[in-house]
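Subject: A structure for you to look at

Hi,

Here is the structure I promised to pass on. Have a look at it first, and then read my notes below with the viewer open.

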Amino acid sequence: MSTSIEVFVNSAPVEVKAGSTAAVAILVAGVDAFRLSPSGQPRGPLCGMGICAECRATIDGVANQYTCLRLCHPGMRICTEVAAAGAGARGDARESGCSE
Amino acid sequence: MSDLHPSREIVVVGAGPAGLQAALAAHDAGARVTLVDASPEAGGQIWRGGHPPSRIAARLLGRLRDSPVQFLRGCTIVDAPKPGQLLAMHDGNPLWLSYHRLVLATGARERFLPFPGWTLPNVLGVGGIQALAKGGLDLAGKRVVVAGSGPLLLSVAASLPLYGAQVPVIAEQASLSHLVRFALGLRYLPGKIPEALQLAWRLQPLRFQAATYPVRAHGDMRLTAVTLRSADREWTVDCDYLACAFGFVPNLELAELLGCTVREGFVVVDNWQQTTAPDVYCAGEPTGIGGAEKAMAEGAVAGLAAALLPEDANSPVSRNLHSQAAPHLARRARCHHFAQVLERSFPLRPELRDLPLPETTVCRCEDVPLIHLEGCSSWRDAKLQRRLGMGHCQGRVCGAATEFLLGWPMQSVRPPLSPVPVRLLAAAALAKADDSNPHPQTRPGQ
Amino acid sequence: MKHPDAIVIGAGIVGASCAERLSADGQRVLVLEAEVVGSGATAAGMGHVVVMDDNEAEFALTRYARQLWLECAHQLPAAAEWEPVGTLWVAADDEELDAARGKCAFYRSQGCRADLLSAQDLYRAEPKLRPGLAGGLLVHDDAVTYPPPVAAWLLERARNRGAEVRTGVRVQALEGGTLRLMNGDSLQAGLVVVAAGAASLRLIPGLPLQPRKGHLAITDRAPGFVHHQLVELGYLKSAHGSALESVAFNVQPRATGQLLIGSSRQFGQTGAEIHHALLSRMLQRAIDYLPGLADLSILRTWTGFRAATPDKLPLIGPAPDREQVWLATGHEGLGITTSLATGQILADLVAGRTPGIDPTPYAPARFLSAEDERSSIPEAADVHFH
Ligand SMILES: Cc1cc2nc3c(=O)[nH]c(=O)nc-3n(C[C@H](O)[C@H](O)[C@H](O)COP(=O)(O)OP(=O)(O)OC[C@H]3O[C@@H](n4cnc5c(N)ncnc54)[C@H](O)[C@@H]3O)c2cc1C
Ligand SMILES: Cc1cc2nc3c(=O)[nH]c(=O)nc-3n(C[C@H](O)[C@H](O)[C@H](O)COP(=O)(O)OP(=O)(O)OC[C@H]3O[C@@H](n4cnc5c(N)ncnc54)[C@H](O)[C@@H]3O)c2cc1C
Ligand code: FES
């Protein structure tokens, strides 16, 4: 029942349970700062239900997706704005190895 | 039988308990029903991905699967430009939905209040962490402090151990006397007693603290600890997650866009769940916070009424509708009693207004600190002068906070209700003109 | 304030500028605003500070106004989001490039810094533009701003000189120099300045004003996507034509990194709702020029009303047939730009000074004199740029 699937978070392969959301995949990958606020504060998901917009990330090349509303599919490529907590300058998605 | 409208098309927005019930009831009454939800799964906040699903949830979700009700998942309503028409985003594309009757079952979101550190990663909503846990997050060995206010704290704290989490403390801001009254109030709702007992039993090993609230979340790039305050002490608890929210606020944006009258924060409905906007019905949290049972009862009434109420408001209501709706109306009355108990039991304490420091972020999207709101006279003033509520969430988070902190009612909903790609709105008008609509029960608008 | 010398109706950017200038002349000014400071078109408009050369009077006013902006730019608060990005007029084909060439020569002859861009220059300046464009005209000293904080800043200066600003106070009617408020109170002053934007028509029925509705959309942050205020040269046809409905490519980089997308013009509309057909056309036009825009997110759309006069020039000066009442309205799509000049000209005229530019083209009396004179005003659509 609990089959797992492989997705990519900031180019690194991650195993998640089938039925996991992309937000969960990012957390499983050990990233909790998904993005930086306009003044550079680290942010991660807040509401888990498509309200707060804090969980935004790039999914399969499309920016600004609400990762808490998206189910993982095998091979899904998820890129956070801050490639790894504490690293990466603001807005530098390209440095996370996610550039299209 | 004259009240059957085989061609009546009903769109139900939101697939939680209210929306599911509404869709199935309307379908049973002969309407053609389209149910839409922004999430990838039906069930709403309470039933989505529940493991194990509750009996009632399993039954309703099963019926939805087996019914011809068209369920559009991942479908977000973006605009309601004129009566009978909705613009949605579905799989990233524009989709026009038309309806004779519309049922709004858009549910509620959590109320978040600012305090120092509340923006740190791993500070989440109470429903928020539950949603992530249901969405597959493994909490094995993680310490989760649960804080804020409302019955959700207890039920989430009770469920978190199922995902492997430890809950070192549950901090409820309401006082013990309020909680006792709440527990007593529940006696009048037979269905709730087992639930309450079960909760109490599960929570026994946990540390439940009444009249306690978080004053600061600690950490640099992520949360590491939280400081809690009660009447006689302040202490710090190390943790991996803080789940914190202060009750619910209804999702009213679509109702407001449709011009439904909203009073004291809730959509005004009549006995048949009709709003003041013609052909628009509303059920569940937007009419008053009261939980899944109230939502189901209202949803059933709304679905039946949407399907069976005559076009002409002056024609008599059929006996068929009266008899079908009777049990739901009775259940609804009992649930409204619970909703009243609920409302009285968790009043927010005024000290919570003093939690944010001048530099504490209030608007997370635009990083507006409390001090920037000084000298502003209203929500709109602060928006125009300080960028409050200008960001991605369009005030859905900070609106409830500033209403509590500063007494500003939030104004002005504009499309899109959720951010959408430029491409989608650019194509929207074309999509409407296009008759080759792939969805059988949606027809292009005029 | 018991006995103000002057009452300004409306705290949009134009009313704020009038209040600021009048107070600088020592007048005791009371400002009445129905909503909050910077409401109305000031909250809705694009905030492009631009020199336009559609006719001499427009050019004189916008150039004078831009000079005033440049003089105070360094004092503006951060919230004013002043960005001296310049205007890049994009030429789609050789015909438009020819027009740009003429425009460039004119600007330069008048001492405005401008450069003609070849196609190559254009893509160096704005790589995200679609291929196949002919070139463009870069006007250097134009800028963009966020107007509501500018209105607040101007009023703060007026307050520091003793002015009073009352918000949430709607003027119900204007009878001579007497104002009746919604709450029944009356107020009087020797000078009443009507700066209520498109709503001025409600206070002075019969003003030659028509609301001209515009749609706008704002995107998510995308820093560096474009670097200049971009406008298609065809914009002038939209702005100055009298078609019932028109759209033009008009994209503005905001200080936040967001893009503000315009523009549309509609006559005969009074409701604030979004028209999807028009919005779609406007956005499609923007995508035609900037294909990458398609994937950015739109956070909000809204509408605003320009107060348009028949000749698209503002009304600045005494109201004909009304003692004590002065007008500062009718700025169509240029009222942010021309706000500072409007306040200065109005204050100069009130004080009996000679304004920095000839004020007669903006005198309200031009519409209220003989019928035949009115009909002789050239339709701006017929006027080609220089
Ligand atoms: C340069 C610039 C940048 C901007 N950037 C952003 C941004 O980043 N994010 C953002 O959210 N906004 C942004 N805005 C838009 C701004 O916040 C307002 O949306 C704008 O003031 C237009 O007002 P509004 O009509 O949306 O509503 P408001 O300013 O909220 O209110 C205007 C009036 O219109 C009425 N009204 C509102 N909605 C309707 C409706 N649907 N039908 C009828 N009447 C209505 C209200 O009751 C109110 O009286 C920007 C504006 C400008 C000029
Ligand atoms: C879509 C759009 C785009 C635009 N883009 C640009 C641009 O790029 N550059 C540019 O220069 N200009 C632009 N403009 C034009 C510019 O926004 C306006 O010309 C300018 O804001 C007019 O300012 P105002 O102060 O005269 O009027 P408003 O800003 O409308 O202010 C009038 C004020 O009066 C108040 N009021 C009204 N009636 C009463 C009453 N009875 N009692 C008390 N108070 C009252 C209102 O609440 C309001 O605050 C644009 C306009 C629109 C609509
Ligand atoms: S976590 Fe709030 S929108 Fe996804």
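**Starting with a strand in chain B**

Strand β10 (residues 144–149) of chain B lines up with β16(B) in the parallel sense, and 6 bridges hold the pairing. One pair to find is B:Val144, whose bridge partner in β16(B) is B:Tyr241. Before we go on, keep in mind that this is a predicted model.

β16(B) also has a partner in strand β9 (residues 123–124) of chain B: the two run parallel and are joined by 2 bridges. Here you can look for B:Leu124, which has B:Ala243 as its bridge partner in β16(B).

**A buried loop residue**

Now find B:Val169, in the loop between α5 (151–159) and β11 (170–172) of chain B. Is B:Val169 buried or exposed? Its relative accessible area is 4%, and because anything under 20% counts as buried, B:Val169 is buried. Setting aside neighbours within four places in sequence, B:Val169 is in contact with B:Val144, B:Val145, B:Val146, B:Arg207, B:Gln209, B:Leu228 and B:Val237.

At the β3 end, strand β2 (residues 32–36) of chain B pairs with β3(B) over 3 bridges, in the parallel sense. There, B:Val36 stands opposite B:Leu72 of β3(B).

**Two helices in chain C**

To describe a pair of packed helices, you give the angle between their axes and the distance between those axes. In chain C, helix α1 (residues 13–24) and helix α6 (residues 147–160) pack at about 20 degrees, and their axes are 8 Å apart. Angles under 35 degrees count as roughly parallel, so α1(C) is roughly parallel to α6(C). The crossing of α1(C) past α6(C) is left-handed.

Which residues make the contact? From α1(C) they are C:Ile13, C:Ala16, C:Ser17, C:Ala19, C:Glu20, C:Arg21 and C:Ser23. From α6(C) they are C:Pro147, C:Val150, C:Ala151, C:Leu154, C:Leu155, C:Arg157 and C:Ala158. Sorted by class, the contact has 9 nonpolar, 2 polar and 3 charged residues.

**Some backbone details**

There are cis peptide bonds to look up as well. One runs from B:Pro415 to B:Pro416, with omega near -5 degrees, and B:Pro416 lies in the loop between α12 (398–406) and β23 (420–421) of chain B. Another joins C:Gly262 and C:Ser263, with omega about -10 degrees. C:Ser263 belongs to strand β16 (residues 259–267) of chain C.

Then look at phi. B:Asn122, in the loop between β8 (108–110) and β9 of chain B, is not a glycine but has a positive phi, near 80 degrees. B:Glu264 is not a glycine either, and its phi is near 45 degrees; look for it in the loop between β18 (262–263) and β19 (266–267) of chain B. Which is buried and which is exposed? B:Asn122 is buried, with a relative accessible area of 7%, whereas B:Glu264 is exposed at 76%.

**And chain A**

Chain A has 1 helix and 7 strands, running β-β-α-β-β-β-β-β from the N terminus on. Of its 100 residues, 52% count as buried.

Happy exploring!

How values were computed:
Residues are numbered from 1 along each chain as its sequence is written. Chains are lettered from A and ligands numbered from 1 in the order in which they are written. This is a predicted model: local features need pLDDT of at least 70, side-chain atom pairs count only at pLDDT 80 or more; totals for chains, interfaces and linings use all residues. Side-chain values use heavy atoms; hydrogens and water are left out. Two strands pair if DSSP finds at least two bridges between them. Helices (H or I, at least four residues) and strands (E, at least two) are DSSP runs, numbered from the N terminus. Axes are lines fitted to C-alpha atoms, for helices over the stretch in contact, and angles run from 0 to 180 degrees between N-to-C directions. Angles under 35 degrees count as roughly parallel, over 145 as roughly antiparallel, 65 to 115 as roughly perpendicular and the rest as oblique. A crossing is left-handed if the near helix is turned anticlockwise from the far one by less than a right angle, and right-handed if clockwise. Contact means heavy atoms within 4.5 Å. Ala, Val, Leu, Ile, Met, Phe, Trp, Tyr, Cys and Pro count as nonpolar, Asp, Glu, Lys and Arg as charged, and the others, Gly among them, as polar. Buried means under 20% relative accessible area, exposed over 50%, partly exposed in between (1.4 Å probe, protein chains only).
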